[in-house]
Amino acid sequence: MNFPMQLPVFSFFYWLVNTPGLGGICIALLSGGAIIVGSLIVRWVQGGGDSGESETYSYPTPALHKEE
Amino acid sequence: MLKVNPRDKTRLVDPLFAAPGWRFWLAVVFLLAVIGWGASMYLRQLTYGLGETGMDRPVYWGIYMVNFIFLIGVSMAGTLISAALQLTNIEWRRPITRIAETLTVFGLLVASLQLLFDIGRPDRLLNVVQYGRLQSPLLWDANSLTLYILTSILALYLQLLPDIALLRDNCPANAPWWRRALYTRLGLGWKGYRSQWGRLQKAITVISIAIIPIGVSLHTITSWVFSTTVQPGWKSTILGPYFVIGAIFSGIGMLFIVMTLAWRLLKLDEYIQARHYRALGWLFIVMSALWFYFTYTENLTLVAEQEAYEFPVLASKLWGSYSFSFWGMVALMVVAFWIMVVPKLLPALLRRVVVFQPRFALASTGAALVAAFFLISPQPAVTHAALMDLNTNTFGWLMVIGFVACAGLGISFWLKQHPAVSSVAAGACVVAGMWLERWNIVIPTLTHPRLIPYTIYLPSPVEISLSAASLALLALMFLVFFKLFPVISIWEVSEGRVVEDAQSRVEIPLPEPNEPNPLQSWGSRR
């Protein structure tokens with residue numbers, strides 16, 4: 001039995017894995033996404049400094065987050 | 001202003017701002033000289049092409065690729081120690097997480113450099129982006145490597161953030177302006193509020209969860225670069241987990257070496273102790289056993305099937321041109337396993353027995369050396385005919401192995417008393433053994449291709465110089481980084497101190513006894 005390449009789904013996957021340059025787009029998307037997510041995480045952690053609390057701690061303990 | 005414990009300030013913060021001594025500068029100059037030599041060799045390779053290396057048809061990958069796999073393997077240490085132990089809340093991890101994470105980031109960066117060396121023309125790296133197709137395992141590797149590097153840098157930075165703020169707030173008055181600016185900039189205005197700590201710890205947990213599958217994927221995908229080909233010896237389904245196990249194993253070995261160097265050079269007796277070596281040693285033993293099992297399994301199928309193209313690859317490792325690297329690897333791994341396991345099994349009663357005395361080890365080593373010398377040295381023709389038949393030779397080597405085993409027994413108690421020395425010795429054996437293992441995977445297959453004549457590969461001086469320069473670069477990165485940032489995670493150790501102190505004050509009661517069964521006691525003597 002021949003492989004049913006004429007089916008659109010297989011044609012699409014053939015195009016997807018064989019088209020030069022799509023791999024580069026994949027690398028750009030993944031690394032770009034990782035950089036954006038990483039920056040957002042750092043920004044979110046930094047944002048905790050704007051809470052205006054009076055007490056600061058040099059290190060945490062499990063008791064610090066008991067009320068959360 | 002964030003306060004730092006006076007003990008931590010003396011041991012971890014103040015030395016960062018002290019003027020570096022002559023030993024530091026000597027190490028920097030030496031490492032820079034090796035890197036400079038490597039750079040000149042790279043320029044030579046760039047000018048004259050890859051003909052300057054030992055690589056030629058059909059050996060397209062040489063020690064650059066061996067170094068690449070070895071270094072990304074070593075980088076697994078951070079993922080395991082920092083992420084996995086953090087998620088499972090293992091207390092002893094605290095003083096070594098920073099070293100492990102740094103090893104991950106620097107190992108990955110130097111590993112990426114090997115690809116640049118290997119490709120010959122660096123401008124062709126862009127071809128991966130420009131013409132890369134999704135069906136290529138090389139492209140999957142590029143994806144995974146990029147993601148792993150970015151995630152590891154983020155993990156290291158998040159763990160470092162509170163310590164950077166501590167350095168910023170505890171900078172001495174005479175500290176140079178650029179260091180103040182560096183800590184202020186990187187500290188991101190960290191104050192240590194309750195909400196800030198909450199966010200940071202959540203972020204660290206998320207990154208720790210993400211980095212484990214990313215790390216495993218990188219090692220697996222690197223194995224797919226080999227196993228998705230039809231090259232003899234590579235097309236194996238077990239290569240993926242084998243790479244992961246080897247990576248964790250070499251990572252722990254390298255961690256033993258780096259943490260001991262940090263402990264001895266920076267006098268960190270208070271932080272890195274025997275219990276850390278013991279705990280990491282158990283992991284090491286498990287990985288060692290798994291590695292032996294996978295090595296056996298990997299080669300078993302080749303022995304069993306004796307396929308026409310596959311078997312010569314194995315034969316070259318067992319008794320052919322690569323037997324030295326294969327048996328060298330096995331010997332190093334056996335020695336590492338011995339060092340870590342045998343001293344733990346010996347009862348204290350045996351200490352006074354002469355076989356377990358260091359002087360017996362010395363005598364046995366001497367006997368092994370003398371026997372090996374006679375076996376290796378060329379014999380006169382008549383003696384050669386008389387003695388060097390197969391049985392005499394085999395008996396001679398068995399005698400050498402026996403003497404070495406006796407030396408191992410003799411030194412066992414000494415190793416038991418010196419966990420750091422024994423861990424470093426075992427770690428060094430594993431690091432060297434794992435490099436040889438990567439060599440045994442890459443080179444014998446390429447020199448034994450299908451259909452074309454077999455060949456041999458030897459690295460050229462250019463390749464050896466670039467490999468040495470890569471190691472020097474790794475060492476220099478550590479040296480500079482740990483002159484700017486604390487080698488021990490101050491906030492994690494402080495937290496651990498409070499937790500351990502609280503735990504030591506809690507008295508854990510005995511378990512509740514079960515009710516005695518009347519039928520069970522019936523008929524028994526009172």
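This is a predicted model: local features need pLDDT of at least 70, side-chain atom pairs count only at pLDDT 80 or more; totals for chains, interfaces and linings use all residues.

H4 covers residues 76-87 of chain B and H10 covers residues 239-266 of chain B; their axes lie 7 Å apart at an angle of about 80°. Angles from 65 to 115 degrees count as roughly perpendicular, and H4(B) and H10(B) therefore fall in that class.

Take one residue from that contact. What does Leu255(B) touch, leaving out residues up to four places away in sequence? The list is Ala77(B), Ile81(B), Ile96(B), Ile99(B), Ala100(B) and Leu103(B).

Several of these names come back in the largest nonpolar core, which has 133 residues. Those with the most contacts inside that core are Ala77(B), Ile99(B), Leu103(B), Ile248(B), Ile252(B), Leu255(B) and Met259(B). The element that gives the most to this core is helix H7 of chain B, residues 137-169, with 17 residues.

Chain B has 20 helices and zero strands. Its radius of gyration is 27 Å, close to the 24 Å that the globule rule gives for 526 residues, so chain B is as compact as a globular protein of that length. Along the principal axes, the C-alpha atoms of chain B fill a box of roughly 85 × 80 × 55 Å. Of its 526 residues, 41% count as buried. Of the contacts in chain B between residues at least 6 apart in sequence, 84% join residues at least 24 apart.

Chain A has two helices and zero strands. The C-alpha trace of chain A spans about 70 × 25 × 15 Å along its principal axes, and 15% of its 68 residues count as buried. One residue to look at is Phe3(A), in the segment before helix H1 (8-18) of chain A. Phe3(A) has 8 C-beta neighbours inside 10 Å and counts as exposed.

How many residues does each chain give to the contact between them? Chain B gives 40 and chain A gives 34. On the side of chain B that touches chain A, the elements giving two or more residues are helix H6 (126-131), H7, helix H9 (194-227) and helix H19 (490-505). By class, that side has 20 nonpolar, 14 polar and six charged residues.

Last, the backbone. Most residues other than glycine have a negative phi, and most peptide bonds are trans. The bond from Arg57(B) to Pro58(B) is cis, with omega near 0°; Pro58(B) sits in the loop between helix H2 (22-48) and helix H3 (63-74) of chain B. Lys267(B), not a glycine, has a positive phi of about 55°. Lys267(B) lies in the loop between H10 and helix H11 (274-305) of chain B, and is exposed, with 11 other C-beta atoms within 10 Å. Leu451(B) has a positive phi near 70°, in the loop between helix H17 (419-447) and helix H18 (461-484) of chain B.

Conventions
Residues are numbered from 1 along each chain as its sequence is written. Chains are lettered from A and ligands numbered from 1 in the order in which they are written. A nonpolar core is a set of buried Ala, Val, Leu, Ile, Met, Phe, Trp, Tyr and Cys residues joined through C-beta atoms within 7 Å. A residue is buried if 20 or more other C-beta atoms lie within 10 Å of its own, exposed if 12 or fewer, and partly exposed in between; C-beta atoms are placed from the backbone. Helices (H or I, at least four residues) and strands (E, at least two) are DSSP runs, numbered from the N terminus. Two residues are in contact if their C-beta atoms, placed from the backbone, lie within 7 Å. Axes are lines fitted to C-alpha atoms, for helices over the stretch in contact, and angles run from 0 to 180 degrees between N-to-C directions. Angles under 35 degrees count as roughly parallel, over 145 as roughly antiparallel, 65 to 115 as roughly perpendicular and the rest as oblique. Ala, Val, Leu, Ile, Met, Phe, Trp, Tyr, Cys and Pro count as nonpolar, Asp, Glu, Lys and Arg as charged, and the others, Gly among them, as polar. The radius of gyration is taken over C-alpha atoms; the globule rule is 2.2 Å times the number of residues to the power 0.38.
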